[in-house]
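Have the structure open as you read.

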Amino acid sequence: MKPLVAVLALVLTLALAGGAGAAIVTSSDLQGRRITLDVRANAVDTDWYAGVLRATVHGNEISNVTVRIVPDISIEGLCGSEAAACYTRAGGRPTIIIPAGKNQFIEGTLVHEYGHHLDASTAVPGIPELNGIPVWWADRGMAALFASRKVAFDYSMGWDHSIAEIFAEDYAYIHVGPTYRYAITWLSPPDDKLRSDMFAALGGTPTTPLPAAPNAPLVVHRVGTLGPRKTKIVPFGLLGPGRHVTFTATVSRATRKGVRARIQVLCNGAVAGTQTVGKGQKVRTLDLPNMGPGDCDARLVSSAPVSLKYNLRLQLAVEGEAFLR
């Protein structure tokens, strides 16, 4: 009877929430603990999102978080200009904000963000939050790393030296495995001992595999207004060689004379491609095959004395596993 009850609960919840412009969808993990999805995008496969969470190792804290699924174009305004997703406790209830879609990147990102929630819900005695879990703190030698000023409890040393981000990356890696784009470049990913110890401390190795995540193109949209002679940057990473990057910029203000802007893709500090937005042009595209591996960014660079409205579309094609962070 449990599957039937779950379906009925889902239908009733959708009906009640639909008038508010969002749908609160509830599901459950294998122990019957509630999973809450706040759906604010169209055509979302909520079963897939719930399946990802169900397949992670977790505890009762799963019932205390809401996963808010939004159009990718909303992520920047909700999470920040360089974020692909985020975890927040603003407003009193822990919330993961994640883009709508169904691919390997979103799967790994959702597990990473859940790692933040698990971290915030699990204390390491005598250590300020966010601090991971006790066995991870010990196995990773975080006390020594902190004493030698290699890590911080905030972002003062950079994203990849934040204790919270290292734990979230480790948590994602032990679930997803080597296909995960592990973004802490100065540390090795978790070894077998750390993986085993983390799973043991959190309740055992998951018995349910992560649901299938298509290696579909990753498409990122960003819209906004660029100030005079300013630069808009969209960072991304490529896991290996043979990636296909397509970057399109639409600039709403027509150029009547001269060059008003240019678009660029940079990887590993070198310009991989550039085009100018000149007289009479509004749309420019960079089509770059055989890219990667690398840490990259796509840029719209204004040389105009006035503000420009923009619509940016970045696609990482299915020529291999391509990830953005």
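Arg229 is exposed in this predicted model: its relative accessible area is 56%, and the cut-off for calling a residue exposed is over 50%. You can find Arg229 in the loop that links strand E6 (218-226) to strand E7 (231-238). Now look at its backbone: Arg229 is not a glycine, yet its phi is positive, at about 55°.

Where is Asn268 found? Look in the loop between strand E9 (261-267) and strand E10 (270-277). Asn268 also has a positive phi, about 55°, and it is not a glycine either. Is Asn268 buried or exposed? With a relative accessibility of 55%, Asn268 counts as exposed, because exposed means over 50%.

Next come the cis peptide bonds. Which residue is joined to Leu130 by a cis peptide bond? The partner is Glu129, and omega for this bond is about -5°. Leu130 itself sits in the loop between helix H4 (104-121) and helix H5 (134-139).

Another cis peptide bond joins Gly292 and Pro293, with omega at about -10°.

| Cis peptide bond | Omega |
|---|---|
| Glu129 and Leu130 | about -5° |
| Gly292 and Pro293 | about -10° |

Technical notes:
Residues are numbered from 1 along each chain as its sequence is written. This is a predicted model: local features need pLDDT of at least 70, side-chain atom pairs count only at pLDDT 80 or more; totals for chains, interfaces and linings use all residues. Side-chain values use heavy atoms; hydrogens and water are left out. Helices (H or I, at least four residues) and strands (E, at least two) are DSSP runs, numbered from the N terminus. Buried means under 20% relative accessible area, exposed over 50%, partly exposed in between (1.4 Å probe, protein chains only).
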